Amino acid sequence: LELLRRLEDTCTPKTRESAARLLCAFCTHTKHDYDEYRVNMIRQIVHLFGDGHDAVLEMAHKCLHALVKALEDGDKKEDDKAPAVSCGLYIETVFDEVKSLAAYADNGGVKGFNRTKGLAPVLPFFLQALMHGATPETREQAATGLGILVSSTSEAALKPMVVQMSGPLIRIIGDRFPWQVKAAILKTLARSEEHTSELQSPLQS
C-alpha cells in the first residue's frame, strides 16, 4: 500500500498524519482482505506513537484502535461471545516496536502512551497474548512487554489502565505455567510498584 510508505515520511508531519487518517478510514470501512499488509500496518502505526507531533499521535491512536476493532470484530463474527484473541498473534511485532520506542524515549516516557487513554489500543496485543498465547514463550513475552509499557508511560496515563492490566497478570500468575512466565509477571509487578505508588495496591491485592 502506498499509504504505508507515506507513514514513513520523515520530512513532513502532515503527510504522516494524512496517511494515518486514510489508513484509519480504510481499516474502519473496508470489506476487503488485507491480511498480507496487517503486520506492516501495525508495526508502522505503533512506531508513530513516538512521533513528536500531536496531530500525528492523535491519528496514530485512532488508526491503531481501528485495527484492533477490526481484529476483534473478526474474532466475534461467528460467535459474539467468543474471546478476542487475534491481536495476540501480533505480539512479537508490537513487542519489538514498543521496546524500540521505550529505548529512545526521554525520561517522560513515550509521547503516544502518555496521551489520554494512550495505552488503550496497545494493551490488547499484550493482554490477549498473555491470556491466550499458544506457548509459554508468548505469554512470557507479553508479560515482559507490559512491564516495558509500565516503565515508559507516565503515572497519569497509567492510572486508567490499572484494572485492565492487573486482572490478567494476577490471573495468569495463579495458573500452572512455567516459572519463566511467572518471573516475567513478577518483574512487571515490581516495575509497576517502582514506577508509581498508585499501581501498588491494585496489582498486589
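Me: Which residues does Ser86 touch, not counting residues up to four places away in sequence?

Reply: This is a predicted model, in which local features need pLDDT of at least 70, side-chain atom pairs count only at pLDDT 80 or more, and totals for chains, interfaces and linings use all residues. Residues are numbered from 1 along each chain as its sequence is written, and side-chain values use heavy atoms, with hydrogens and water left out. Ser86 is found in the loop between helix 4 and helix 5, where a helix is a DSSP run of H or I of at least four residues, numbered from the N terminus. With contact taken as heavy atoms within 4.5 Å, and residues up to four places away in sequence not counted, Ser86 touches Leu71, Asp75 and Gln128.

Me: Does Ser86 count as buried or exposed?

Reply: Buried means under 20% relative accessible area, exposed over 50%, and partly exposed in between, with a 1.4 Å probe and protein chains only. The relative accessibility of Ser86 is 16%, so this residue counts as buried.

Me: How many Å apart in space are Ser86 and Gly74, C-alpha to C-alpha?

Reply: In sequence, Ser86 and Gly74 are 12 residues apart. In space, the separation from C-alpha to C-alpha is 8.3 Å.

Me: What is the volume of the largest pocket?

Reply: On a 1 Å grid over the protein atoms alone, a pocket is an open set of points where a 1.4 Å probe fits, with protein on both sides within 12 Å along at least five of seven lines. Grid points are joined across faces, edges and corners, and a volume is the space filled by probe spheres set on the points. For the largest pocket, the volume is about 530 Å³.

Me: Which of the residues that line the largest pocket are the closest to its centre?

Reply: A lining residue has an atom within 4 Å of a point. The largest pocket is lined by 18 residues. The closest to its centre are Thr30, Ala70, Leu71, Asp73 and Gly74.

Me: Which helix gives the largest share of the lining of the largest pocket?

Reply: The elements that give two or more residues to this lining are helix 2 (13–29), helix 3 (35–47) and helix 4 (54–75). The largest share is 6 residues, and it comes from helix 4.

Me: How many residues of the lining of the largest pocket are charged?

Reply: Ala, Val, Leu, Ile, Met, Phe, Trp, Tyr, Cys and Pro count as nonpolar, Asp, Glu, Lys and Arg as charged, and the others, Gly among them, as polar. In the lining of the largest pocket, 5 residues are nonpolar and 6 are polar. The number that are charged is 7.

Me: Which residues are the closest to the centre of the second largest pocket?

Reply: The second largest pocket has a volume of about 160 Å³. Helix 5 (91–104) and helix 6 (123–132) each supply at least two residues of its lining. Of the 13 residues that line the second largest pocket, the closest to its centre are Gly88, Leu89, Gly133, Ala134 and Thr138.

Me: How far does helix 4 reach from its first C-alpha to its last?

Reply: The expected span of a helix is 1.5 Å times one less than its number of residues. Helix 4 has 22 residues, for which 32 Å is expected. Close to that expectation, helix 4 reaches 32 Å.

Me: Which residues is Ala66 in contact with, leaving aside its neighbours within four places in sequence?

Reply: Ala66 lies in helix 4 and counts as buried, at 9% relative accessibility. What covers the buried residues of helix 4 includes helix 2, helix 3 and helix 6. Beyond its neighbours within four places in sequence, Ala66 is in contact with Cys24, Cys27 and Thr28.

Me: Which residue has a side chain joined to that of Arg38 by a polar contact?

Reply: Arg38 is found in helix 3 and counts as buried because its relative accessibility is 9%. A polar contact is a pair of N or O atoms within 3.5 Å; within protein, one must be able to donate a hydrogen and the other to accept it, and residues adjacent in sequence count only if both atoms are side-chain atoms. At 2.4 Å, such a contact joins the side chain of Arg38 to that of Asp35.
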